[in-house]
Amino acid sequence: RRASRIRFAAANLPILLGVWLLAAVLLWLGKTCMENRCGGNVMGGQIGGAIQVFVLAVYGLLHYQNRWLERRCNDAERGWRVAEWLFNISLGLVAISLVLPPFALPLIALGWLQFAYGLCLPANSLPNTSGYPHPDTPALRYGAWAAGVLAMVVPIMLFV
């Protein structure tokens, strides 16, 4: 299968919304933990368990985003190796952040990096084994535009 840049961005709009919503919750939980000084007792408490659940939810969203990134690589006919590395890094970060919750924030940044990499891949109008690319509808263009704006605005809102 293949996915044009606009289809990739439009399909990732709900993924980005979910990842950034979970990022806001993770930041709130981390701030709550710092205020309550749960320190080394993070994994035993309720906050540590909540962080683990949210980390697994972010991983699920990043896995789905990676499937779209593979389609985007198929359309561009390049970039599969980088997509595999990004996915493997997300697996490693999930494993680390289940033990050390502060490593959940780089996992959020990796979601943005996957999205940016998918947008940077070149367009390809030539047919492949899946055929010619489908034309992009106005709804897809609006979804891609909204995903681009969200990808630029929300990180600023989360970390400021």
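Here is a short chat about a predicted protein model.

Biologist: Before we start, what should I know about the model and its numbering?
Modeller: It's a predicted model, where local features need pLDDT of at least 70, side-chain atom pairs count only at pLDDT 80 or more, and totals for chains, interfaces and linings use all residues. Side-chain values use heavy atoms, with hydrogens and water left out, and residues are numbered from 1 along each chain as its sequence is written.

Biologist: How many helices and strands does the protein chain have?
Modeller: Helices (H or I, at least four residues) and strands (E, at least two) are DSSP runs, numbered from the N terminus. From that end, the elements run α-α-α-α-α. That's five helices and zero strands.

Biologist: What percentage of the 160 residues is buried?
Modeller: Buried means under 20% relative accessible area, with a 1.4 Å probe and protein chains only. For the 160 residues of the chain, the buried part is 42%.

Biologist: Is Ala 3 buried or exposed?
Modeller: Ala 3 sits in the segment before α1. It touches Trp 68, Arg 71, Arg 72 and Asp 75, leaving aside residues up to four places away in sequence; contact means heavy atoms within 4.5 Å. Because its relative accessibility is 0%, Ala 3 counts as buried.

Biologist: Which element gives the largest share of the lining of the largest cavity?
Modeller: A cavity is a set of points on a 1 Å grid over the protein atoms alone where a 1.4 Å probe fits but cannot get out, and lining residues have an atom within 4 Å of a point. The lining includes Ile 15, Leu 62 and Trp 112, and the elements giving two or more residues are α1 (5-36), α2 (46-76) and α4 (104-120). The largest share, four residues, comes from α1.

Biologist: How many charged residues are in that lining?
Modeller: Ala, Val, Leu, Ile, Met, Phe, Trp, Tyr, Cys and Pro count as nonpolar, Asp, Glu, Lys and Arg as charged, and the others, Gly among them, as polar. The lining has seven nonpolar and two polar residues. As for charged ones, there are no charged residues.

Notes. 1 Å grid on protein atoms, 1.4 Å probe; cavity = no way out; pocket = protein on both sides within 12 Å on 5 of 7 lines; lining within 4 Å. Buried < 20%, exposed > 50% of the residue type's maximum accessible area, 1.4 Å probe, protein only.
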